[in-house]
Amino acid sequence: MASTTATPSASPSWWTYIQRRKTRNYIFAALFVLPAVVNFLIFRYIPIVWAARASTWQYSLLGGYRDWIGADHYLRALEDPILLKSLQVTFLYVIVKLPLEVALALALAIFTNQAIRGMGTIRTIVFTPVVMSMVVVSVVWALILNADSGLLNAFLRTLGLPKQVFLSNPKLSLPSVITATIWKDVGFSTILIVAGLKGIPRIFYEAAVMDGANRWHLFCHVTLPLLRRTLLFVIVTQTIFSFQVFIPVYSMTQGGPLDSTKVIVYYIYQLAFRFQDMGYAAAVSMILLLILLLISVTQMRFLRSDVEY
Amino acid sequence: MSAADPRRAAQIVGWFFILLAYLLIALIFLTPMLWMIGSSLRPSPEVFQYIFPLSWRTFIPIQFTLHNFADIFGISEQGRALGFQFGRALLNTAFVSTAVVGSSLVVNTLAAYFFARLEFPYKNVLLVFVLGTFFVPQEATIVPLYIVVRQLGFADTYWALILPWYASPFVIFVLSQFFQEIPKELDEAAIIDGASLLGVLRHVIVPNARVGLLTVSLLEFQFIWNLFFWPLIATGQKELQVIQVAVATQITQREIAWGRIFAGGVVASLPVIFLFLALQRYFVEGVALSGLKG
Amino acid sequence: MQRPLRKNQSWLLVLITIFGLVLTACQPAAPAPADQPSSGGEAAAPASKEPVVLKFLKYADPVEAIAFAKIEEEFRALDGGKWSHVSISYDAVDFENLFPKIETSVAAGVELDLIQADGPDMKHYAWNQVLLPLDEYFTEEEKAAYAPQSVEEGSYKGVFYGPPFMQSCSQMWYNQEMTDAAGIQPPQELADSWTMEEALDAWQKTTVDSDGDGTPDVWGVRWGQGTWASDYEQGILRRSAGEKGSPSYEGMGPDGLTFQGYFDTPEAIAAMQFYQDMHQVWKVTPVEPIPNIFQSKKAAFVVYTDNLIGELNNQYPDGNFQLGLTGIPYFETQLCHTGSWHYGISANTKHFDEALAFVKYASGPEGSRIYYEALHQLPARLDMLNGLPEYDTYPQSLIKQGFEQFGIPRIQTPGYTEYQQVFAEIAQNVAAGADVAQQMTDGAKQIEQLVAKYKGWNE
């Protein structure tokens with residue numbers, strides 16, 4: 001990770017000091033991470049290994065293990081049209097949602113970071129959807145988007161535009177879900193970016209302003225570069241969360257119509273809990289693990305700040 | 001002080017746009033919340049009665065009632081008879097969320113410090129190992145997780161709701177990024193002054209990452225607060241019910257008690273919102289260091 | 001078929017013990033939930049008067065909980081306190097998550113005693129040996145006390161697995177103010193029930209768009225409870241399109257695995273086309289369901305069970321809702337889906353005798369009466385159904401008659417969960433305007449693939 005990019009030349013005294021006590025420090029360092037690692041091994045890796053193992057069995061929750069079938073589930077996955085469709089839907093969801101959400105969060109963060117009275121309140125307002133329960137959110141959005149009597153259609157009508165079907169239209173259902181989830185999640189990213197902005201020392205802005213920079217320059221040459229690390233982790237974590245979107249889809253569209261919102265975790269849920277096929281669900285989960293592993297590692301390499309400022 | 005002063009005019013226009021943006025944001029993000037609050041104050045048949053055509057009635061209750069709230073807290077006769085204990089559920093949720101955030105602050109801060117600062121072979125691989133814990137969707141791991149928790153004897157106890165979450169890959173990852181923003185020179189100075197690694201963490205890292213710590217704590221708090229499927233699976237006794245599970249029980253096989261669902265939605269979200277609001281002042285004064293960076 | 005049920009988990013223990021040892025060092029004192037019925041170990045002594053706690057996994061319903069508290073109390077006082085050492089610990093979750101919770105509990109080997117099982121799922125549980133067969137504990141006479149539909153739903157391959165809580169049958173309710181305003185008098189006898197075409201006429205007349213903006217203020221109909229699509233209600237349409245005994249009416253092949261030729265018949269497709277046109281062409285029902293649409297007087301007709309009476313009494317305590325009932329409309333054959341929830345005894349119970357005694361009491365004459373008095377749902381016990389005067393008077397009389405004359409269980413197959421999931425998606429797609437014939441033919445194939453694993457179940 002980024003920390004290793006620090007070169008010895010950056011701070012020699014620190015480094016010689018560290019080198020001298022290397023072995024002792026390794027042990028000591030390990031103690032810092034041990035409680036977390038123990039948690040992960042017990043509560044996350046045993047389940048993951050269990051799922052990996054289940055993916056090689058004919059296994060259902062109610063019926064237990066039947067036959068060991070090796071890689072059959074993975075071969076089946078290669079030819080499963082619904083899986084292919086759900087991967088397409090998921091990628092589309094992430095590719096559209098992520099940039100929009102991060103851009104919007106960035107805009108909201110910068111807006112609410114102004115030293116003006118009332119900005120703490122508006123930050124809270126942007127955060128309210130994050131804490132609203134999804135049952136309520138899905139009802140509200142279903143009412144806003146309702147094909148016949150929804151708020152949005154009432155608004156379109158006042159503009160003289162034709163009525164639209166949103167959620168039960170395979171062309172607009174995914175954009176609708178994306179809109180609703182951006183609305184729900186953007187506050188989450190916003191407060192992370194606000195925290196990042198708070199870490200930028202004011203002196204940088206003052207120096208740039210003295211050099212005659214305008215607002216846009218400040219944004220491009222001060223804010224954005226110094227927010228790079230913050231944006232990196234917002235993007236990395238939001239990618240992982242977005243790839244695993246489930247509850248909004250479950251409560252708003254049930255994956256439909258015509259599988260147009262059947263994201264991969266919805267399909268996994270369906271396989272495991274409805275189609276009595278936990279073994280295959282586990283195999284699909286392992287495929288998702290590989291995809292996320294590749295994407296996260298790539299993201300971290302791409303977005304890593306090579307230039308220390 | 002003439003109005004024609006272009007700088008003054010630009011300022012006024014600027015203020016106007018800020019106000020406009022402020023109101024627009026408030027409208028977009030607050031409307032559903034207001035509708036939920038309005039609905040929670042209506043008798044059941046009225047909840048969906050005025051959703052269309054759109055008018056002030058859509059948001060303002062006609063027959064104002066606090067009955068839904070009295071019901072869910074078991075204050076009203078009906079609520080008592082039906083055994084609703086949302087107050088208990090709120091306390092459970094608050095206890096569990098606080099316990100997780102408390103332990104998480106210690107455990108994850110230590111781990112984040114490890115990733116941000118300490119020297120260790122193959123630390124990158126270890127970070128992927130940490131992040132990897134949330135690459136597999138919960139739907140695929142909830143059964144084995146439940147098996148593990150049961151084998152440890154924690155099923156149907158508060159521990160089931162706390163222990164699996166006391167370390168968080170998200171928090172570790174984000175905190176370690178915040179920690180890396182802090183100039184290393186500060187650590188160095190402290191070590192030269194004779195501070196131990198723990199001392200550096202306590203006296204250099206933590207004070208300088210207050211905003212980051214506060215932010216992730218809040219996010220983690222709401223994450224645990226809003227957990228639904230895991231508490232539903234891992235606990236059975238009503239005494240351990242968390243608020244999200246309690247709200248869901250208003251959807252029964254016979255009927256959906258919308259009024260009580262929205263009242264439940266209000267009491268489930270307001271505490272976190274107030275907490276967030278109360279913490280805002282720390283965000284304002286939270287600016288880390290002045291200019292030691294770089 | 002060999003089935004090494006979850007025996008492969010011992011390796012987990014080894015791993016966990018290792019980590020457990022690490023953990024114990026930093027573990028605070030044990031929490032103290034006073035009684036923890038789920039933890040094993042205490043099953044050693046089956047002594048007669050040792051306290052026994054039965055763990056009952058069921059859906060949450062506060063009114064039903066009151067009924068069960070009463071049933072439990074009476075049960076303990078039975079026969080001079082023969083079962084006074086038995087108490088029940090309820091694990092109640094919202095009904096949508098009951099099935100996942102049962103699955104998870106079974107997969108994790110949780111010791112359960114009683115399970116509340118949905119009628120169509122009984123075969124599924126029986127096939128997976130989640131429930132114990134109770135055939136030998138129920139005499140033919142005792143079984144005959146229940147409605148035949150309930151016995152069929154509670155049985156697997158002719159073996160009885162559990163008695164019902166209650167029964168249900170959907171008919172079509174209407175808001176009398178609205179039908180009066182439209183000058184419609186829905187038939188009050190089942191023999192005169194509307195066909196779909198006649199019903200459509202009424203729905204069109206009661207769809208009111210006063211400002212002419214294309215969005216009705218009041219809709220003609222909502223087919224089904226809630227806002228979802230399910231086999232329980234939407235499945236009636238395709239089966240009603242066939243004559244009695246025809247493939248469409250049967251809904252699937254006698255092997256419980258064949259759907260092509262049953263699910264995708266021309267009549268079934270035409271029925272689902274009608275369902276689509278209700279949304280898309282005639283616009284008598286909203287494309288996207290509106291919650292509580294009938295209860296908040298936004299729809300004139302609704303297809304619903306008799307829960308509706310209690311619900312409206314709750315919502316309009318001053319009786320400000322003029323409710324009427326007419327027979328469920330039909331294409332070719334009039335029918336309603338029956339549906340009971342059943343008591344099941346978990347295969348891993350350690351208190352079978354106590355569990356059985358409780359089940360027999362709760363589903364027996366006294367228990368059923370207490371249940372009915374709290375919930376007022378169609379009783380599954382025939383003696384009770386026939387003894388209740390309210391079921392001889394309109395409107396409930398129509399529910400009873402419909403149930404007796406044309407109430408049939410949903411299709412009986414261990415693959416019901418898979419089928420229902422696919423059908424719900426199809427119904428959603430059809431309402432949204434998808435190609436009906438393609439949906440039904442593709443759907444039949446997909447269901448067959450999903451249920452192929454149960455091949456040979458009823459041989």
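Within strand E11 of chain C, Tyr343(C) is the bridge partner of Gln116(C). This pairing belongs to a predicted model, in which chain C contains 18 helices and twelve strands. Of the 459 residues in chain C, 51% are buried.

**The four-stranded sheet**

- Strand E11(C) belongs to an open sheet of four strands in chain C, with the order E2-E1-E3-E11 and mixed pairing.
- Strand E2 (86-93) and strand E11 (341-345) of chain C each have a single partner strand and stand at the edges, so one side of each lacks a neighbour in the sheet.
- On average, and with direction ignored, neighbouring strands of this sheet are turned by 25° against each other.
- Five bridges join strand E3 (residues 114-118) of chain C to E11(C), and the two strands pair in the antiparallel sense.
- Asp118(C) stands opposite Trp341(C) of E11(C).
- Helix H3 (residues 98-107) of chain C packs on the sheet, where it touches strand E1 (52-59), E2 and E3 of chain C. The direction of H3(C) makes about 135° with that of E1(C).

**Burial of strand E11(C)**

- Although E11(C) stands at an edge of the sheet, five of its five residues are buried, so the strand is largely enclosed by the rest of the structure.
- Trp341(C), Tyr343(C) and Ile345(C) point one way from E11(C), while His342(C) and Gly344(C) point the other way.

**Helix H8(C)**

- In helix H8 (residues 196-206) of chain C, the buried residues are Ala199(C), Ala202(C), Trp203(C) and Thr206(C).
- These residues lie on the same side of H8(C), because they cover an arc of only 100° around the axis.
- The buried residues of H8(C) pack against helix H7 (176-181), strand E7 (219-223) and strand E8 (299-304) of chain C.

**Domains and contacts within chain C**

- Among the contacts in chain C with a separation of 6 or more, 78% are between residues 24 or more positions apart.
- The domain assignment gives domain 1 (52-165 + 341-379) and domain 2 (171-338 + 412-454) of chain C.
- The centres of domain 1 and domain 2 of chain C, taken over C-alpha atoms, are separated by 30 Å.
- Ten residues from domain 1 of chain C and eleven residues from domain 2 of chain C take part in the contact between the domains.
- On the side of domain 1 of chain C that touches domain 2 of chain C, helix H4 (122-127) and helix H6 (148-153) of chain C are the elements that give two or more residues. H4(C) provides the largest share of that side, with three residues.
- By class, that side of domain 1 of chain C has three nonpolar, four polar and three charged residues.

**Contact with chain A**

- In the contact between the chains, 34 residues of chain C meet 30 residues of chain A.
- Helix H1 (10-25), H3 and helix H17 (416-431) of chain C each supply at least two residues of the side of chain C that touches chain A.
- H17(C) gives the most to this side, with seven residues.
- The residues of the side of chain C that touches chain A comprise 19 nonpolar, nine polar and six charged.

Definitions and conventions: Residues are numbered from 1 along each chain as its sequence is written. Chains are lettered from A and ligands numbered from 1 in the order in which they are written. This is a predicted model: local features need pLDDT of at least 70, side-chain atom pairs count only at pLDDT 80 or more; totals for chains, interfaces and linings use all residues. Two strands pair if DSSP finds at least two bridges between them. Axes are lines fitted to C-alpha atoms, for helices over the stretch in contact, and angles run from 0 to 180 degrees between N-to-C directions. Two residues are in contact if their C-beta atoms, placed from the backbone, lie within 7 Å. Ala, Val, Leu, Ile, Met, Phe, Trp, Tyr, Cys and Pro count as nonpolar, Asp, Glu, Lys and Arg as charged, and the others, Gly among them, as polar. A residue is buried if 20 or more other C-beta atoms lie within 10 Å of its own, exposed if 12 or fewer, and partly exposed in between; C-beta atoms are placed from the backbone. The arc is that of the directions from the helix axis to the C-beta atoms. Domain bounds come from an automatic or database domain assignment.
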